[in-house]
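I opened this entry to record what I looked up in the model, beginning with the chain as a whole and ending with a single residue.

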Amino acid sequence: RSDEEKVKAIMEFPPLKEKQHIQQFLGCTNFLRWYLPPAYGYVAKRLGEYQKGVLPFPPAGLGPGDTDGDKAVRAIKLMAKHSIELAVLDEAAAISGERPLEQVADCCGFALGGTALQMKPDLTGFNVLVTHSKGLLPAQQAWPPLTLEGYAQLEVRRAVKKALGPIQIGRAHV
């Protein structure tokens, strides 16, 4: 779970006016990287131009203006704000069927990923319990698509079992 205090600290980070400020900002956001979308790397790279001295810092610093650097800082702040917050499994509700569990997995041919989810108490959405992703070996990339999809489900299930332990629903272990 991302720490709400750290996310708040990122959102309130002052404008970046020198190389060290960018390093501090990216260091502060790096703990969230696991939960951020792939665009984080691209946006963080945009700040690298300021770190290298290729682009001059705006007088007000990076963040409040309309330059690409300002937009990059704001984008990272928004990514941090909307990062995935992992929820805690409500085992009793899962066993009784009040809040069902779901697993979603997919494989694109060079990597796989998936999540374990539990319905929210009002059944209008899902809480994320576990996320998992993994690259495929060259030999695995040659597998047929149906085999890759099954492998993705299996790998995500293994990650869920490792993170949450076996969950007993009725008489069966899941």
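Before counting elements I noted that helices here are DSSP runs of H or I with at least four residues, and strands are DSSP runs of E with at least two, numbered from the N terminus. The model is a predicted one, and I read what follows with that in mind.

**Entry 1, the chain.** I counted seven helices and five strands in the chain, and reading from the N terminus I wrote down their order as α-α-α-α-α-β-β-β-α-α-β-β. The chain has 174 residues, of which 34% count as buried. For its accessible surface I noted about 10,600 Å², with 58% belonging to carbon and sulfur atoms. I also looked at contacts between residues at least 6 apart in sequence, and found that 55% of them join residues at least 24 apart.

Which residues touch the most other members of the largest nonpolar core? In this core of 23 residues they are Phe-25, Leu-26, Leu-47 and Ile-76, and the elements that give two or more residues to the core are α2 (19-30), α3 (39-51) and α4 (68-81). Apart from this core I found another, of 13 residues, which has Leu-89, Cys-107, Leu-129 and Val-160 among its members. I then went back to Ile-76 and, not counting residues up to four places away in sequence, listed Phe-25, Leu-26, Thr-29, Tyr-40, Val-43, Ala-44 and Leu-47 as the residues that Ile-76 touches. As background I reminded myself that nonpolar side chains tend to be buried together in soluble globular proteins.

I followed strand β2 (residues 111-119) against strand β3 (residues 126-135) and found them paired in the antiparallel sense over nine bridges; for Gly-114, the bridge partner in β3 is His-132. The two strands β2 and β3 form a hairpin with six residues between them, and in the turn I noted Leu-123, which has a positive phi of about 60°.

I placed Leu-164 in helix α7, which covers residues 145-164. Is Leu-164 buried, partly exposed or exposed? Its relative accessibility is 30%, and Leu-164 therefore counts as partly exposed, since that class lies between the cut-offs of 20% and 50%. Leaving aside neighbours within four places in sequence, I found Leu-164 in contact with Leu-89, Leu-129 and Val-130. For the pair Leu-164 and Leu-129, which are 35 residues apart along the chain, I noted a C-alpha separation of 8.6 Å.

Technical notes
Residues numbered from 1 in each chain as written. Predicted model: local features only at pLDDT ≥ 70, side-chain atom pairs only at ≥ 80, totals over all residues. Heavy atoms only, no water. Buried < 20%, exposed > 50% of the residue type's maximum accessible area, 1.4 Å probe, protein only. Contact = heavy atoms within 4.5 Å. Areas by Shrake-Rupley, 256 points an atom, 1.4 Å probe, with all protein chains shown as cover. Core = buried A, V, L, I, M, F, W, Y, C linked by side-chain atoms within 4.5 Å. Pairing = 2+ DSSP bridges.
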